[in-house]
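Take a moment with the picture before reading on.

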Amino acid sequence: MISTEQKSSELQEKKLLIHAIRYALYQGHSFSLWKTPTKNEKFLAISTSGVRQINEISLEDSETGFIFSPFLPDAKKIFFPADILYRFEDGRLIEGPASDNFDSTSGTIDLSHLHYLALERNIETPDFKNLVESGIAQIEAGVLEKIVPSRYKDISLSGKFDLLRVFDLLCEKHPNALISMVSSPATGTWMGATPELLVSTVQNKFKTVALAGTLPYSPEINLKSVAWTQKEIEEQALVCRYIINCFKKIRLREYEEHGPKTIVAGNLMHLKTDYEVDMVATNFPQLGSVMLKLLHPTSAVCGMPLENSLAFLKTHEGYNRQFYSGYLGPVNVKKESLIYVNLRCMQLFPDRVRLYAGAGVTADSVAETEWNETEMKMLTLQKIIAH
């Protein structure tokens with residue numbers, strides 16, 4: 001059970017977050033809010049100097065902040081400098097300007113003050129099942145090995161949508177994910193809970209993961225006896241090969257590989273393989289930045305081979321993914337960088353949220369099954385929005 005002291009700390013945390021975010025929005029500033037995986041630790045960065053559009057991020061040399069990158073690899077990345085940084089642990093303010101002058105009633109954040117991009121309306125997107133069939137045809141023709149088509153769904157918002165309540169529910173339901181919310185004129189407002197690590201550099205250790213394959217999860221399932229199909233095993237193996245090929249490009253042979261194993265992400269299960277490199281032993285201190293550029297977009301969100309997959313998606317997907325399946329995360333916060341793929345995410349608009357999901361398509365795929373997979377992925381956020 002949560003103690004009275006813990007409840008009091010969490011209430012104080014929420015009040016201070018609302019006060020700080022309101023201040024940022026009323027001043028026209030941008031902000032990024034996130035919770036780190038496996039820890040009850042939250043950060044809020046307010047960018048009083050504005051966000052910056054950059055071509056690439058150097059994790060090793062960057063100032064403290066938060067990176068938010070679109071899906072398309074040649075698009076500008078958006079960097080949120082942490083001009084003001086708050087850090088909370090277990091609801092207690094550990095770092096950042098304390099304030100005794102905020103309203104004792106927490107209230108909510110006024111959605112009308114958030115930053116929004118223009119809503120793309122009446123987009124003529126193809127039927128998703130037909131899109132999957134087109135991808136399978138390209139695989140059978142030898143043009144592609146794998147393709148990851150995606151789609152979106154709009155959910156109308158009621159006037160009672162509480163941003164921080166939704167954020168807290170994501171933290172509660174997804175303890176092993178990076179939970180995030182960003183808002184700026186360059187990005188609009190996004191929120192999500194992503195389980196897929198792209199690059200981390202912590203204490204001279206580089207890490208990345210291959211995460212693919214999807215099955216529904218329920219608490220009675222024994223993770224040690226999950227029966228994965230050949231299609232899902234091959235889909236995950238393709239992502240592993242993609243990562244290893246990136247290592248080969250930079251002639252890196254000294255890495256540890258662990259997996260695959262079954263992991264839980266909300267209402268879903270995935271196959272996961274971990275890769276780790278000692279950057280001191282390999283004398284490769286820039287490995288994080290080098291691999292970030294090589295890895296994105298991975299075959300888990302785009303396909304293989306990369307150029308053919310990108311060309312297929314640009315031609316056939318029918319809409320702009322923007323920041324969905326791009327990457328995001330804290331950079332040089334406590335000398336650590338944690339960059340995740342932007343999955344299980346939603347884009348906010350004044351009257352709706354737009355949910356995004358994709359599915360890995362191989363030669364063994366069935367269009368109906370892939371459509372169901374995207375529905376399962378969107379359901380994670382739909383339930384929280386409804387709550």
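## Words to know

Strands (E, at least two residues) and helices (H or I, at least four) are DSSP runs, numbered from the N terminus. Two strands pair if DSSP finds at least two bridges between them.

This is a predicted model, in which local features need pLDDT of at least 70, side-chain atom pairs count only at pLDDT 80 or more, and totals for chains, interfaces and linings use all residues. Residues are numbered from 1 along each chain as its sequence is written, and side-chain values use heavy atoms, leaving out hydrogens and water.

Follow the order 7-6-2-1-10-11-19-20-9 and you trace an open sheet of nine strands with antiparallel pairing. Strand 7 (92-95) and strand 9 (150-156) are at the edges with a single partner strand each, so one side of each has no neighbour in the sheet.

Within this sheet, strand 1 (residues 30-35) and strand 10 (residues 178-184) run antiparallel, joined by five bridges. Lys35 stands opposite Ile179 in strand 10.

Which residue in strand 18 is the bridge partner of Leu197? The partner is Tyr340.
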